[in-house]
Amino acid sequence: MSTLRKLLALGTTLSLSLTLAACSGGADSGASGSAGGDSGNTLTVWAWDPAFNIYAMEEAAKVYQKDHPDFQLNVVEVPWDDLQAKITTLAQSQQLSDLPDIFLMQNNAFQKNVINYPELFSDFKDTPVDFSQFPTSVVDYSVIDGINYGIPFDSGTAITALRTDILAEAGLSVQDFTDITWDQFIEKGTIVKEKTGKPMFATTAGSSDLIMMMMQSAGASLFDKDGNPVIADNNVLLKAAETYKKLIDSGVVIEVNSWDESISAFVNGGAAGTLNGVWISASIQTAKDQAGKWAVTNVPSLVGIDGATNYTANGGSSWAVSSNANRDLAVDFLNSTFAGSTDFYDTILSSSGAIANWIPAGKSDAYAAPHDFFGGQAIYADVVGFGEKVPSNNTGVYYYEGRDAVSAALTKIINGQDPKAAFAEAQATVEFAMK
């Protein structure tokens with residue numbers, strides 16, 4: 001996530017309650033609320049990040065109020081870590097009446113929460129929501145046993161973002177990095193480094209984000225369909241780790257010590273680009289002096305892996321409707337906005353850069369408009385197109401434990417440990433956690 005959103009998501013427990021007035025959509029500083037089940041035409045929402053997720057909810061309310069002038073929305077800011085803690089506590093205490101009507105969930109945590117605390121969630125069975133209008137890979141984050149529990153929102157579709165002027169200095173263009181393999185990326189990245197002295201991008205040491213993106217690009221997971229870890233002897237994981245080590249050893253990708261250093265590498269011109277979820281574009285655009293010098297393409301694919309693609313994701317979020325909700329109103333509100341309004345998505349795109357997972361939004365004039373910062377490329381329409389091609393993967397209950405174990409193994413591999421031995425240790429760590 002961008003630096004601002006990362007700080008907000010990891011922030012303190014400071015809460016801000018915003019109530020949207022029925023007709024104007026303005027804030028009423030005198031109102032507050034923490035629980036759903038509101039009577040009449042009022043919904044309560046828990047979400048984090050005022051500039052992004054909460055802003056989007058406010059704009060959705062304004063759209064809905066055009067046809068439902070008595071509708072009110074009460075949005076309570078709850079940082080992600082606090083939100084996870086709150087719903088866990090409510091589930092364990094069975095105080096379900098304290099739940100809001102709607103709450104935001106990180107995609108990689110959705111299945112974990114529905115499986116562990118099914119009593120907290122309403123499903124979307126027998127509703128008019130057309131889930132075929134979202135990428136299958138994004139919908140699947142919140143599907144359990146074939147039942148939908150979430151409306152996708154924040155796109156985590158991955159991009160390779162590159163400085164076109166640096167590539168030109170090496171005699172290359174963004175087309176040379178489109179629809180390629182990781183081996184080709186290393187070959188071309190080596191030319192860029194030799195000609196310009198710059199690596200292609202930086203990644204945070206000890207983080208498995210890039211490995212996880214490589215795996216999803218091939219539709220692979222750390223867990224089988226029954227939720228059992230498949231980390232040891234996982235051919236896709238071994239190929240991803242081998243590829244990662246080649247990237248580091250070649251100098252095409254460099255490891256840095258912190259998230260801020262990885263951002264600084266491209267903002268300050270020390271690297272030729274970056275590779276991450278599309279939300280990274282907000283950080284890219286903080287470098288105002290680089291306007292017009294960037295372009296976006298898809299990601300490299302793994303070599304020798306069946307089902308390997310040039311599309312993946314990192315991050316993203318979806319809206320859940322609680323078991324305490326005014327369900328009919330909550331579903332109709334989400335279906336009319338996040339799953340049904342091009343005008344809504346055009347508004348939040350222009351104001352906050354929030355890119356839709358809802359596929360019809362990508363066909364609007366706003367998405368097709370050239371983006372000056374990215375050299376006139378219609379990057380938003382391109383990214384929605386990328387999202388349609390991202391393979392699904394299985395997150396399950398222990399996704400974060402698996403990711404952390406792989407991160408630790410990756411550090412050992414970079415320092416010379418045999419990958420199979422490192423991943424066997426990682427599997428044992430996850431199996432212990434599962435007990």
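A crossing of two helices is right-handed if the near helix is turned clockwise from the far one by less than a right angle, and left-handed if anticlockwise. In this predicted model, the crossing of H8 and H16 is right-handed. The axes of the two helices, H8 (residues 209–217) and H16 (residues 399–414), come within 9 Å and cross at roughly 115°.

On the H8 side, the contact is made by Asp 209, Ile 211 and Met 212, while H16 contributes Tyr 399, Arg 403, Val 406 and Leu 410. Of these contact residues, five are nonpolar, two are charged and none is polar.

The domain assignment divides the protein chain as follows, each domain being built from two segments.

Taken over C-alpha atoms, the centres of domain 1 and domain 2 are 29 Å apart. The size of an interface is often given as the accessible area lost when the parts come together. Between domain 1 and domain 2 the buried area is about 1200 Å², and carbon and sulfur atoms give 49% of that area. On the domain 1 side, Asn 108, Lys 112 and Tyr 141 supply 41% of the area buried against domain 2, more than any other three residues.

How many salt bridges are there between domain 1 and domain 2? The count is zero.

Methods
Residues numbered from 1 in each chain as written. Predicted model: local features only at pLDDT ≥ 70, side-chain atom pairs only at ≥ 80, totals over all residues. Heavy atoms only, no water. Axes fitted to C-alpha atoms, helices over the stretch in contact; angles between N-to-C directions. Helix = DSSP H or I, 4+ residues; strand = E, 2+ residues; numbered from the N terminus. Contact = heavy atoms within 4.5 Å. Nonpolar A, V, L, I, M, F, W, Y, C, P; charged D, E, K, R; others polar. Domains from an automatic or database assignment. Buried area = accessible area lost by both parts, 1.4 Å probe. Salt bridge = Lys/Arg side-chain N within 4 Å of Asp/Glu carboxyl O.
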